[in-house]
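Please open the structure in your viewer and keep the sequence at hand.

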Amino acid sequence: RDRSVSRGLGDVYKRQNFMRVHLYTSLGALKTGMDILLKKEGVKLDRMMGHGGLFKTKGVGQRILAGAIDTPVYVMETAGEGGAWGIALLADYLVNKEEGESLTDYLDNKVFHNAEGSGMDPVAEDVEGYEKFMEKYTKGLAIERAAVDCQI
């Protein structure tokens with residue numbers, strides 16, 4: 001089945017597509033930035049660790065993010081918990097790191113050492129669908145800019 005999200009004449013609107021477009025849009029800015037890093041600047045990313053409300057429903061946000069950035073996404077069992085958890089982790093690292101300990105080592109050895117979680121690889125049809133969505137999303141940014149500039 002076609003997992004792309006589009007908004008054009010003749011499109012069939014279904015509840016799952018309505019929800020998908022909202023989830024895709026929520027990652028639009030992240031996708032734009034990741035495309036710059038990964039495709040233009042050549043940054044290599046082995047995996048992305050996910051945490052936050054997007055991952056509350058097991059597997060859904062994880063699959064969408066993996067498709068958006070074409071990278072495996074890992075989430076811990078607690079991925080849907082808390083608010084500014086990432087900032088709290090960074091603060092904890094700055095206060096409690098050992099001399100010369102990298103953030104990666106700190107997270108791997110102290111924070112996630114015994115944590116239960118799961119990984120999900122990107123699905124080719126999701127990657128392709130997200131790319132199609134981003135073509136329309138990017139074109140729509142000019143419309144949003146015009147609306148902001150034309151405040152009445």
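The stops below concern a pair of helices and then several salt bridges.

This is a predicted model, in which local features need pLDDT of at least 70 and side-chain atom pairs count only at pLDDT 80 or more, while totals for chains, interfaces and linings use all residues. Residues are numbered from 1 along each chain as its sequence is written, and side-chain values use heavy atoms, with hydrogens and water left out.

**First selection: two helices**

Select helix α4 (residues 85–96) and helix α5 (residues 103–111), whose axes come within 11 Å and cross at roughly 100°. Helices here are DSSP runs of H or I with at least four residues, strands are runs of E with at least two, and both are numbered from the N terminus. Axes are lines fitted to C-alpha atoms, for helices over the stretch in contact, and angles run from 0 to 180 degrees between N-to-C directions. The two helices α4 and α5 are therefore roughly perpendicular, a term that covers 65 to 115 degrees.

Next, display the side chains at this contact (heavy atoms within 4.5 Å). From α4 they are Trp85, Leu89, Leu90, Asp92, Tyr93 and Asn96, and from α5 Leu103, Tyr106, Leu107, Lys110 and Val111. Of the residues in the contact, eight are nonpolar, one is polar and two are charged. Nonpolar here means Ala, Val, Leu, Ile, Met, Phe, Trp, Tyr, Cys and Pro; charged means Asp, Glu, Lys and Arg; the others, Gly among them, are polar.

**Second selection: salt bridges**

A salt bridge is a side-chain nitrogen of Lys or Arg within 4 Å of a carboxyl oxygen of Asp or Glu; by this rule the count is 12.

Select arginine 47 and aspartate 108, which form a salt bridge at 3.6 Å, N to O. Arginine 47 lies in the loop between α2 (28–40) and β1 (48–50), and aspartate 108 lies in helix α5, 61 residues apart. Arginine 47 is partly exposed at 38% relative accessible area, the term for values between buried (under 20%) and exposed (over 50%), with a 1.4 Å probe and protein chains only.

Move to arginine 63 and glutamate 125, whose side chains meet in a salt bridge at 3.7 Å, N to O. Arginine 63 belongs to helix α3 (residues 60–69) and glutamate 125 to helix α6 (residues 124–149), so this pair ties together parts 62 residues apart in sequence.

Finally, select aspartate 149 and arginine 145, joined by a salt bridge at 3.2 Å, N to O. Both lie in helix α6, four residues apart, about one turn of the helix. Aspartate 149 is exposed at 58%, whereas arginine 145 is partly exposed at 48%.

How values were computed. Parallel < 35°, antiparallel > 145°, perpendicular 65-115°, else oblique.
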